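Please look over the model below with its strand pairing and backbone angles in mind. A short briefing follows it.

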Amino acid sequence: MRYEQDLEWCLVDGKDGWREIRFHDYAELYTVTGLYERVFYEILQCSSPSTVRELLVGAMNRAGADISQLRVLDFGGGNGIMAEELVKAGVSSVVGVDILSEARDAALRDRPDVYQDYHVVDMAALTESEHAALARHRFTGMTSVAALGFGDAPPDAFRESFNLVEDGGWIAFTIKDSFLSDRDPSGFSGLIKSAISDGRLEVHASETYQHRIATTGEPLHYKAIIGTKKSDLPR
């Protein structure tokens, strides 16, 4: 049987017996040490973090920019896999943001040395104090890997994250290719295409690639976009 991407699931043998966990029930996945990596990276061959790192490093090298000077907001940070790639590439500061406290708990458990700070907030509904706490980091970069769409992170959350980056900062994100189609109902297609056409995001690299395989073995394609922010996205 073929399931839509956000309905795929796995069976986990725990101390209380077998239980079913949907892949997008991230809070449950993160509570089991190593389960997220086992499912998505070992079995389903996810390549997004390494793909984004390679594209970002390449684009910054071509632009003569120093990656060690980046202060990155890792939006939808999860348990820190993308942040780990950034640290490997030489990024000096990474701050995680996720709506789930379980994500922060997992990041501190699994990768305690990759984040300078980690905020559990709803980026689509920031309070004044939450916005001020994030703004104090003076971000010069933002990453968002496999976090957009499917109801996990709406366009407003992406917009707020983008706008926290200083003008001239680097933006690196991935999104399922279907969310960039003209038939996309989520709002991401219009937001991203207008950001590029209006000159608010200058694209330096883009690539459609295999994000991972589905439970059927079919490839799931995403698009990675690397660029520099020129101005805020309008609310």
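How many of the 12 residues of strand β7 (residues 165-176) are buried? In this predicted model, 9 of the 12 residues of β7 are buried, and the strand is thus described as mostly covered, where buried means under 20% relative accessible area, exposed over 50% and partly exposed in between, with a 1.4 Å probe and protein chains only.

This is a predicted model, in which local features need pLDDT of at least 70 and side-chain atom pairs count only at pLDDT 80 or more, while totals for chains, interfaces and linings use all residues. Residues are numbered from 1 along each chain as its sequence is written, and side-chain values use heavy atoms, with hydrogens and water left out.

**Pairing of β7**

- Strand β6 (residues 139-144) pairs with β7 in the parallel sense over 5 bridges, and Thr 143 has Ala 172 of β7 as its bridge partner.
- Strand β9 (residues 219-229) pairs with β7 in the antiparallel sense over 7 bridges, and Thr 174 has Ala 224 of β9 as its bridge partner.
- Two strands pair if DSSP finds at least two bridges between them; strands (E, at least two residues) and helices (H or I, at least four) are DSSP runs numbered from the N terminus.

**Positive phi values**

- Most residues other than glycine have a negative phi.
- Gln 45, in the loop between α2 (35-43) and α3 (48-63), has a positive phi near 60°, and Gln 45 is partly exposed at a relative accessible area of 45%.
- Ala 146, in the loop between β6 and α7 (155-163), likewise has a positive phi near 60°, and Ala 146 is partly exposed at a relative accessible area of 27%.
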